[in-house]
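Here is a colleague's note to read beside the structure, written as numbered points. Please keep the view open and look for each element as it is named.

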Amino acid sequence: MTGTSGLRVLVVDDVAPALDEMCQLLREAPGVASVEAAGDALTALRLIQTTAPDAVFLDISMPGMDGLELAGLLGRMTDPPTIVFVTAFEQHAVSAYGVGAVDYLLKPVSAERLTAALGRVNRVRATGAAPAPAVDELAAVPVELGGRTRFVRRADVRFAEAQGDYVRLHTRGGRHLVRIPISRLEEHWRGVGYVRVHRSFLLAVHAVQELRSDVSGGLLAHTDVGDVPVSRRHARELRDRLLDAATRGEFDSGARRDGR
Amino acid sequence: MVGADPGGMAVPDAQLPAPRRRRLLGRRATPGAGEAMDALATGVEIASALRDGLTAPAASGAARRLRALLDADAVCLVDLDGARTWAGPEVTDDALVDEVLRTDRRAARGDVAALPLRVRDEPAGVLVVAGAVPDGAARKAAAFVSDALHRGRLESSADAAEQAELRALRAEISPHFVYNALTTIASFVRSDPARARELLLDFALYIRHNLARHGEYTTLAGEFRAVEAYLTLARAVLGERLRVQVRIAPEVLPVAIPFLALQPLVENAVQHGVERAEGGGSVQVSGEAQGEDCVIAVEDDGPGMPPERAQDVLAGRGTGTSLGLVNVDRRLRAVFGAGYGLVIETAPGAGTRVVVRVPRFHPGVVAS
């Protein structure tokens, strides 16, 4: 989301296969324009000064200057790159966030987890430049019903299902076809408790009553108006959002059972 | 039961008025019964004040009570490093204390006496008594203090042993499973590299969870993730023989539970319910809220067992992976209380269902 150019990233790791693997994953990731590699902190510093990358994926335990020390140095630059730590062992997590890293990846890294980290990098880099959230235009959606226009309240929508340029809104009161691409709907509703769980499905986090998995790849989110398939690459975000919502006690109000 | 707890001494206290009433009625009271009870209560107080040793903050209370009990000018408790806890005006006792520590015998100068304190025949410190105190009384006091120190050490070593036992009760990684998983991944490296990669990520997650030492507790979300990684690997190993369904309600995701409270139950279900069953079997894992409790169930449709066998397993008389069940049972009881152990529902030919019930909110139990 940082324009058309994409991110320019630098990977730093003293273990050669780990360095290759991370570079490979980043080259395959969407939104990454270029990937450079450094096998130690000094090479990394030189590259950062000459190429000014947007983000640095930094191994923590390295001989000589380690990742935390390098990050400390970078923190004193006027326009430092965004830092993501990559490490084999989670004992460093607290100090990693202490030096301003935006994310913390555990090796071996999955493509889904890397995508989430890149999302964070983009969000952090966009902060400040981003315009204030637009007026909440789609809190209610007009639908044609028997030749008359009615409004479906967003709060009643359990999930939306893409059908070409249309979406079908699933509510307890029924299903409504609306002319809007699901990606547009996602842009409007992402900040208000909806999450894309599949190429064709946008799901209300609060509507999930149960997650069902057969561990061979199939994951379903069960709601009171039907089950929603969750694709592998969206599973992590949904789980994180559910845990966050549950930690805030959002499933305890009984509101979702009343449909409000 | 009551006797094991110093707090239980409140019971004799409550009976104190009885002899006094008898005295009022003009009958012959048991001589000194009231004083005896008072002395007993003082003894209990001294013993509990010495629970953490001669120089802990509470020890000054013990010195004060000993001084009153002995009617001494001053009483001092000295530990092996020479640190002192005084009650009453301090007197110079360095030479006496040195002598006692060297000879392990009573030493006295004028009306100041120093007596050795011993725990299990090992020197543990010195009791110094100043004033006109009968020698016999001072010796009894020294013996009493020695006893109290001994008991305090037993209690703290029992605590340490319990902690060590809980740590040792952490489920162990099954080598059988690890090598089967690695063999399976090695095979996929050739035939399906992408799947091999996915399985390795699950293997890393499984190992990471099993090696976790940093905190005692995880969330149910974390435990379920490890369980799903395990089941994904087990399914890769066993193929179609293993059918799996995992269901979890989002409201219980943040519930705090001890690390590996669930995974051993699932491993047990796979090994007993599926691996040994002809034609394989299914394992179902679920977590949901029931009022203030979180109810987790692990169910297989394998051969099951007679209920008496299940009782033996929970009593620790089982073998192999069933020991994993005992571990979980004990750890849950230790954390949440005696009412929160495992419940096993089973019968021959009827499969096995293990139910864990934990409080959704438990003070003092926080996931790291």
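1. Two residues are taken to be in contact if their C-beta atoms, placed from the backbone, lie within 7 Å. Helices (H or I, at least four residues) and strands (E, at least two) are DSSP runs, numbered from the N terminus. This is a predicted model, in which local features need pLDDT of at least 70 and side-chain atom pairs count only at pLDDT 80 or more, while totals for chains, interfaces and linings use all residues. Residues are numbered from 1 along each chain as its sequence is written, and chains are lettered from A and ligands numbered from 1 in the order in which they are written.

2. An α-helix has 3.6 residues a turn, so residues three or four places apart point the same way.

3. Strand β1 of chain A contains Leu7(A), which counts as buried because it has 22 C-beta neighbours inside 10 Å. The C-alpha atoms of Leu7(A) and Val35(A) are separated by 8.7 Å, although the two residues are 28 residues apart along the chain.

4. Elsewhere in chain A, 5 of the 5 residues of strand β11 (residues 194-198) are buried, so this strand is largely enclosed by the rest of the structure. An antiparallel pairing of 4 bridges joins β11(A) to strand β12 (residues 201-204) of chain A, and strands are said to pair if DSSP finds at least two bridges between them. The two strands form a hairpin with 2 residues between them, and His198(A) stands opposite Phe201(A) in β12(A).

5. Chain B has 12 helices and 12 strands, and buried residues make up 35% of its 368 residues. Among contacts in this chain between residues at least 6 apart in sequence, 61% join residues at least 24 apart.

6. Chain B holds an open sheet of 5 strands in the order β2-β1-β5-β4-β3, with antiparallel pairing. Its edge strands, each pairing on one side only, are β2 (84-87) and β3 (107-109) of chain B. Neighbouring strands are turned by 15° against each other on average, direction ignored, where axes are lines fitted to C-alpha atoms, for helices over the stretch in contact, and angles run from 0 to 180 degrees between N-to-C directions. Helix α4 (residues 59-70) of chain B packs on this sheet, touching β1 (74-78), β2 and β5 (122-130) of chain B, and its direction makes about 140° with that of β1(B).

7. How many residues does each chain bring to the contact between chains A and B? Chain B gives 19 residues and chain A gives 20 residues. On the side of chain B that touches chain A, α8 (193-211), α9 (220-238) and β7 (242-248) of chain B each supply at least two residues.

8. A second open sheet, of 8 strands with mixed pairing, has the order β15(A)-β14(A)-β13(A)-β7(B)-β9(B)-β10(B)-β12(B)-β11(B). Its edge strands are β15 (226-230) of chain A and β11 (342-346) of chain B. Strand β13 (residues 210-213) of chain A runs antiparallel to β7(B), joined by 3 bridges; Leu211(A) has Ile248(B) as its bridge partner, and Ser213(A) stands opposite Val246(B). Helix α9(B) lies across β13 of chain A together with β7, β9 (281-290) and β10 (293-300) of chain B, running at about 165° to β7(B).

Methods. Buried ≥ 20, exposed ≤ 12 C-beta atoms within 10 Å, placed from the backbone.
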